[in-house]
Protein chains: 2
Amino acid sequence: MTQTRLDVLAIGNAVVDIIADCDDAFLEAERLTKGMMRLIDADEAVRLYDHMGPAREISGGSAGNTAAGIAALGGKAGFVGQVAPDQLGEFYRHDLTATGVEFTTAATDFGVPTGRVMVLVTPDGHRTMNTFLGAAQHLPVAALDETQIEGAAILYLEGYLWDPETPRFAMVKAIDVARRAGRRVAFTLSDSFCIDRHRDGFNGLIDGGRIDILFANEAEIVMLAGEVDFDSAVAAVADRVETLVVTRSEKGAIAVSDGERAQVAAEPVDRVVDTTGAGDLFAAGFLAGQTQGRSLEDSLRIGAIAAAEIISHYGARPEADLKALVAARLG
Amino acid sequence: MTQTRLDVLAIGNAVVDIIADCDDAFLEAERLTKGMMRLIDADEAVRLYDHMGPAREISGGSAGNTAAGIAALGGKAGFVGQVAPDQLGEFYRHDLTATGVEFTTAATDFGVPTGRVMVLVTPDGHRTMNTFLGAAQHLPVAALDETQIEGAAILYLEGYLWDPETPRFAMVKAIDVARRAGRRVAFTLSDSFCIDRHRDGFNGLIDGGRIDILFANEAEIVMLAGEVDFDSAVAAVADRVETLVVTRSEKGAIAVSDGERAQVAAEPVDRVVDTTGAGDLFAAGFLAGQTQGRSLEDSLRIGAIAAAEIISHYGARPEADLKALVAARLG
């Protein structure tokens, strides 16, 4: 196996978060289920935007957040995703590269603007996401750089990529390239509604032996396994992947890897402002720990530290010095 | 005098804030003076953006922030400013109208994008602003709606408008329309460097009797008066306008109006995150108080409450319920 140049290469939907506060009554009036992510078209994007409150724009995207987190933790991260040649696309590229992430996918005009997620944050810090994928849904196989994939120790993919067909093909192709080069493949289930849409596809990836590290939260693991309780769901899925990581919000997280089991409590947070990106940053911390050769438990701990930082402010990109936070806790 | 439809109509540069953290060394390397606002061209905007850290975008602009603050305080506010037909322009319009501000100036393609301010925030919460005016510098006299100006109790203008010639003409025209309709005109000196560039113009406006309410901070009033100490500067300028309001950061604020003098302490703040917009929101609070028929001291107090809220988070648009904050303090 050749030397690696990147610790993690993440592929995902390149989208800017447009974050606004709202109350529970607004979600109800819009018939939105709190905590869910739904895909919307251009018309609905305009209609919803007209109804929501003043917003701030912060670059996001699940795998992009994870890449930014890994870079903030001192790792070498790359990102592959599709933006359009517009202002949102420029923000996206700026923010990711300013974090130290390698992002070389060219902006391309497919006749649609850069994707955006209208994130509605309720006073309890929960986010309800309305995603207009825009350019992100056009990420072509041709945008992949095989040498870049081969040079990354871990290829990381978000389940959201499965939604539109074009990036789904790119994802599957990337997995094949990584596998052939002997690299590890990590995958996040992203969202329970996403699993509902693509259960067969996800199970096919897992049982086809294409995924080494699987990330899920409680709802997702239960839904994927089709089991009624958490413990049986974890037991059932842990047998099917090398490493399973399950986050449990304020209950912490567990990991099962080749029979070894570890668990950590959640890190304390003064005030939960916006939970957007908690899972993404947990994955960043865990993967950073793994690529640094840390133990399963310490990798979980770094995930918990990164997740705690991200939920203490708006947006899903780190604001504090994650490396220093980890050094203070773990050395 | 006819009935008014708006409490305050604000005219200013329509710009989106692109806010990034930086350290003092970065300001030094870029040879930037902390706390100043400088105008930059398109090339410098690109160069600086390439060097600065990950950012968040929040609609801003001095007079726009003031209009948003007045609406958040329950007042009827309007805004006049020039955006381009692009994503930043859409954000700007959305955020202002979602706050309840009337904003009817059409987006126009002058071949330049919507303006933006790269705001560099140091750990002490101070902001250093780098403004690319873009479309804002093209605000034409023709964009003014005379009926709208005549229907506003107070016309509010930012000194920054004086920088480019086109909006300067629009501002002077708007003052004439307001004056003819018997309305009050309020003006903020904006920035001490701005006064340095336009001292004669500003003194001409004041001594021509075109300004009723003048807003300044300590540095600005001293620079405008050309006096060496604060008290003599206030005394000298107070004689030249009906109402003078001077903010003094953590030392509070004073107002002198037709011989009456009032002063308030600053409101307590847990942690100063970003001082962007402190002066803008102070002006919003003061003007809201005045249009509600409050005393000089209570108007200052509302200004201090609004300013304290804005410096406790990133961005210069209110996030908390300002009306409730004021009701809790003043009833």
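Reply: Start with a cut-off. A residue is buried if 20 or more other C-beta atoms lie within 10 Å of its own, exposed if 12 or fewer, and partly exposed in between. The model is predicted. Ser249(B) has 15 C-beta neighbours inside 10 Å, so Ser249(B) counts as partly exposed. It sits in the loop that links β12 (243-247) and β13 (253-257) of chain B. Its phi is positive, about 50°, although Ser249(B) is not a glycine. Most residues other than glycine have a negative phi.

Ser190(B) also has a positive phi, near 75°, and is a residue other than glycine. Its loop runs between β10 (184-188) and α7 (192-207) of chain B. Is Ser190(B) buried or exposed? The count is 28 C-beta neighbours inside 10 Å, so Ser190(B) is buried.

Now the sheet. Nine strands of chain B make an open sheet with mixed pairing. The order is β6-β5-β1-β9-β10-β11-β12-β13-β14. At the edges are β6 (102-103) and β14 (260-264) of chain B, each pairing on one side only. Within the sheet, β1 (residues 6-11) and β9 (residues 152-158) of chain B run parallel, joined by five bridges. There, Leu9(B) stands opposite Leu155(B) of β9(B).

Helix α9(B) lies across β11, β12 and β13 of chain B, at about 155° to β12(B).

Next comes helix α8 (residues 218-225) of chain B. Six of its eight residues are buried, so α8(B) is largely enclosed by the rest of the structure. Which residues of α8(B) are buried? They are Glu220(B), Ile221(B), Val222(B), Met223(B), Leu224(B) and Ala225(B). The cover over them includes α7, β11 (213-217), α9 (230-238) and β12 of chain B. After α8(B) comes Gly226(B), with a positive phi near 70°.

Last, the contact with chain A.

Strand β4 (residues 56-59) of chain A runs antiparallel to β4(B), with three bridges joining them. One residue pair to check is Arg56(A), whose bridge partner in β4(B) is Ile58(B).

How are the copies related? A rotation of 180°, with 0.0 Å of shift along its axis, superposes chain B on chain A at an RMSD of 0.0 Å. The two copies are therefore related as by a two-fold rotation axis. In chain B, the C-alpha nearest that axis belongs to Glu57(B), 2.5 Å away. The same surface serves both copies, with 100% of the contact residues of chain B recurring in chain A.

Notes: Residues are numbered from 1 along each chain as its sequence is written. Chains are lettered from A and ligands numbered from 1 in the order in which they are written. This is a predicted model: local features need pLDDT of at least 70, side-chain atom pairs count only at pLDDT 80 or more; totals for chains, interfaces and linings use all residues. Two strands pair if DSSP finds at least two bridges between them. Helices (H or I, at least four residues) and strands (E, at least two) are DSSP runs, numbered from the N terminus. Copies are superposed by least squares on the C-alpha atoms of residues with pLDDT of at least 70 in both. Two residues are in contact if their C-beta atoms, placed from the backbone, lie within 7 Å. Axes are lines fitted to C-alpha atoms, for helices over the stretch in contact, and angles run from 0 to 180 degrees between N-to-C directions.
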